[in-house]
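Please have the sequence and the structure open while I talk.

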Amino acid sequence: MQRTSKRIETEHLLMRTWRLEDLSAFSKMHADPSVMHDLGGPISSGESQAKLVRYIEMYEQCGFSRYCVEDHAGNFVGYVGICPRYNDEAIGKHNEIGWRLNVAYWGKGYATEAARACMADFRRTFPAEKVISYTSAQNERSQKVMARLNMSRIPSKDFNWIESDGRKVPLLVWAADYD
């Protein structure tokens, strides 16, 4: 089944489903050490391509995913959106909202603006689904976004992300709604 492309517009931004021609900008963002600092550094263009394809397939299968974020001039800002996580042994099945923006767009409120719009869209379509977010203890920018989204810290759910090299990255869990 081919899903209709998604578009979510806000005052400053457009979120849309991915296209393969987004790969160059997507890979460039993931190659930036500042952007990728919280997750162990840059990833290769091959890893970026695999991630982009995963987001495209996720949207086709689930009807939601991470979305490409552009400003109204069509410039690539980054991504934001919600991903289903089915087999996470650390915290179980969940839906995770996350974002990653190019450095030029940091500090403008864009992550919060885009995340709010994606969360509202998700709630209209999947009202019963819970949403969490997580980040490293060092990523104070994302923690501030989570607080602006009215998410609450759930320290009992914190867990370690295991990088491909076996390194453990402690992650802090925040939830929009949690029992």
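Predicted model: local features only at pLDDT ≥ 70, side-chain atom pairs only at ≥ 80, totals over all residues.

Let me begin with Ser-48, which sits in helix 2, where helices (H or I, at least four residues) and strands (E, at least two) are DSSP runs numbered from the N terminus. Residues are numbered from 1 along each chain as its sequence is written, and side-chain values use heavy atoms, with hydrogens and water left out.

Is Ser-48 buried or exposed? Ser-48 is buried, at a relative accessible area of 0%, and here buried means under 20% relative accessible area, exposed over 50%, and partly exposed in between, with a 1.4 Å probe and protein chains only. If we set aside residues up to four places away in sequence, Ser-48 touches Leu-23, Phe-26, Ser-27, His-30 and Ile-43, a contact being heavy atoms within 4.5 Å.

Helix 2 itself runs over residues 45–62, which makes 18 residues, and from its first C-alpha to its last it reaches 25 Å, close to the 26 Å expected at 1.5 Å a residue; that expected span is 1.5 Å times one less than the number of residues. The buried residues in helix 2 are Ser-48, Lys-51, Leu-52, Tyr-55, Met-58, Tyr-59 and Cys-62. They lie on the same side of helix 2 because they cover an arc of only 125 degrees around the axis, the arc being that of the directions from the helix axis to the C-beta atoms. As for their partners, the buried residues of helix 2 pack against helix 1 (23–30), strand 3 (66–71) and strand 4 (76–85). Just after helix 2 comes Gly-63, with a positive phi of about 85 degrees.

Turning to helix 1, we find Phe-26, Ser-27, Met-29 and His-30 buried. These residues cover an arc of only 160 degrees around the axis, and therefore sit on the same side of helix 1. On the other side of helix 1, Ser-24 and Lys-28 are exposed. The buried residues of helix 1 pack against helix 2, strand 4 and strand 5 (94–101).

**Cysteines**

How many disulfides does the model contain? With a disulfide taken as a pair of cysteine sulfur atoms within 2.5 Å, the count comes to zero. Cys-62 is in none, since the nearest cysteine sulfur, that of Cys-83, is 8.8 Å away, and Cys-62 counts as buried at 15% relative accessibility. Cys-118 is likewise in no disulfide, the nearest cysteine sulfur again being that of Cys-83, at 10 Å; Cys-118 is buried, with a relative accessible area of 3%.

**Aromatic rings**

Next come the rings of Phe, Tyr and Trp (for Trp, its six-membered ring), which pair if their centres lie within 6.5 Å, with planes under 30 degrees apart counted as stacked, over 60 as edge-to-face and the rest as tilted. The structure holds 12 such aromatic pairs. Phe-64 is buried at 8% relative accessibility, whereas Phe-126 is partly exposed at 23%. Phe-126 also pairs with Phe-122 in a tilted arrangement, 5.1 Å centre to centre and 35 degrees between the planes, and Phe-122 is buried at 3% relative accessibility. Elsewhere, ring pairs link Trp-18, Phe-26, Tyr-55, Phe-76 and Tyr-79 into a cluster.

**Two further residues**

Ser-142 is placed in helix 4 (residues 140–148) and counts as buried at 10% relative accessibility. Leaving aside neighbours within four places in sequence, Ser-142 is in contact with Trp-99 and Thr-135.

Finally, Thr-17 lies in the loop between strand 2 (13–16) and helix 1, and it is buried at 11% relative accessibility. Apart from residues up to four places away in sequence, Thr-17 touches Ser-5, Lys-6, Tyr-59 and Tyr-67. The C-alpha atoms of Thr-17 and Arg-66 are separated by 7.9 Å, although these residues are 49 apart along the chain.
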